Amino acid sequence: MALPLIRLLPHRFNTVRAFVNAKVKWVRDPYLDYAVEREKDLKQVISFKNQIISNPSKSLPLSAASLLKPHLNLPTTSSKFFQKYPSFFSIFQPSPGLPPHVKLTPQTLLLHKKESTIHTSMSNKYNTTERLAKLLMLAGVTKLPMHLINRLKWDLGLPHDIVGTLLADFPDYFEACEVGDAVTGKVEIALGLVCWRKELAFSQLERRPIMVCAPNANLSKHIGFPMNFPKGFDLENRVKEWVEEWQALPYISPYENATHLSPNSDQAEKWMVAMLHEVLWLMISKKTERENLFVLGEYLGFERSRLKKAVVHHPGIFYVSNKIRTQTVVLREAYRKDFLIEKHPLMGMRYRYIHLMNKMQRRDEATLVSPSGG
């Protein structure tokens, strides 16, 4: 994919592009691939756990569990999936003549209790509330359809019952509302912000104390994005020049509405990258499936082709992993090798779930080993 060089115009936010004959190559990052791959089956395991816990009998008939296979995108049957993780699930027969059920092991129930303690703690509730409010404030939209929030629920670390918890506990933040689909005109349920939270309208980059100011910056903020490249990755000199000049462009907050910018300008792309950067920072794992970013971005008014280019143009900011049957966009700066630099308490719990999943792994299955030896 060709990358452009920028010619900066004085007192203009929209820049003219002069394309160069250069491509940004994709280089595999084994550490970030491992950060994605070690969570294989985790989302499905936790989804089954929550279904079992929500049942009054604290168990689930295998016939009922099999109905969830398409919804959870299971690669095998539900019974084989449970047998794959014997330390997590236990298949049993309640009484003679009844169909087999699945329940959680004592170790799983203990971890679930600890996870619930985190979810119900006020510190986590406030943290979750602020991150969800910031998501609703991106590009000044203030409301998002519930289907979109549910799509991001796992990566945001939201509680299983959003309406019964956050909406009830923070009525001064959130309200149920309706939005119309721009294409079909169909009205759907949405989550809205009661009022604009000025104190939250700052991105992670804006909150950092160090700002790199370009010469003659005037009143514009010139914030550069942290960039990290994997071993063996090298940019051509002319691409490096483009990146340096692109970094020096004024930084427009993702909480501002900058749709007035020319869609094909470098300034618009920097605003879009700021938006993607902030979305990933709001996620507890600092990553999400690429499709999630594209669906959210399209709702905010960005073209899918531009979103794809923004990710591909900046491999020092974003890494795209092809592991676990999907494409995952990872925020590079949030990781040191395969470790999260700032680990959210819920991520700590997820790592404990992963440890339990692998604790009694069958001998004929290979164990996933971290490139760093972890």
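Which residue in β8 is the bridge partner of E178? In this predicted model, local features need pLDDT of at least 70, side-chain atom pairs count only at pLDDT 80 or more, and totals for chains, interfaces and linings use all residues. Residues are numbered from 1 along each chain as its sequence is written, and side-chain values use heavy atoms, with hydrogens and water left out.

The bridge partner of E178 is I189. The two strands involved, β7 and β8 (residues 187-193), pair in the antiparallel sense over 7 bridges. Pairing requires at least two DSSP bridges between two strands. Both strands belong to an open sheet of 3 strands, ordered β6-β8-β7, with antiparallel pairing. β6 (143-145) and β7 (174-180) stand at the edges with a single partner strand each, so one side of each lacks a neighbour in the sheet. Neighbouring strands are turned by 35° against each other on average, direction ignored. Helix α7 (residues 122-137) lies across β6, β7 and β8 and runs at about 120° to β8. Helix α8 (residues 146-156) also packs on the sheet, where it touches β6 and β8. Its direction makes about 80° with that of β6. Axes here are lines fitted to C-alpha atoms, for helices over the stretch in contact; angles run from 0 to 180 degrees between N-to-C directions.

The protein as a whole holds 15 helices and 13 strands. These are DSSP runs numbered from the N terminus: helices are H or I of at least four residues, strands E of at least two. Of its 374 residues, 49% count as buried, that is, under 20% relative accessible area with a 1.4 Å probe, protein chains only. Among contacts (heavy atoms within 4.5 Å) between residues at least 6 apart in sequence, 66% join residues at least 24 apart.

Another open sheet of 3 strands has the order β3-β5-β4, again with antiparallel pairing. Its edges are β3 (59-61) and β4 (89-92); each has a single partner strand, so one side of each is left without a neighbour in the sheet. The twist averages 25° from one strand to the next. β4 is joined to β5 (residues 101-104) by 4 bridges. Within β5, H101 stands opposite F92. Helix α2 (residues 42-54) packs on this sheet and touches β3, β4 and β5. The direction of α2 makes about 100° with that of β5.

Helix packing was examined for α6 and α15. The axes of α6 (residues 106-120) and α15 (residues 345-359) come within 10 Å and cross at roughly 175°. The two helices are therefore roughly antiparallel, a term for angles over 145 degrees. Residues of α6 in the contact include L111, K114 and I118. On the α15 side, they include M349, R352 and Y353. By class, the contact has 7 nonpolar, 4 polar and 3 charged residues. Ala, Val, Leu, Ile, Met, Phe, Trp, Tyr, Cys and Pro count as nonpolar, Asp, Glu, Lys and Arg as charged, and the others, Gly among them, as polar.

Strand β11 (residues 328-331) pairs with two strands in the antiparallel sense: β9 (residues 287-289) over 3 bridges and β10 (residues 318-321) over 4 bridges. T328 stands opposite E289 and also opposite S321. T328 and V330 point one way from β11, V329 and L331 the other way, and all are buried. The hairpin of β10 and β11 has 6 residues between the strands. There, I324 takes a positive phi near 45°.

Note on methods: Buried < 20%, exposed > 50% of the residue type's maximum accessible area, 1.4 Å probe, protein only. Parallel < 35°, antiparallel > 145°, perpendicular 65-115°, else oblique.
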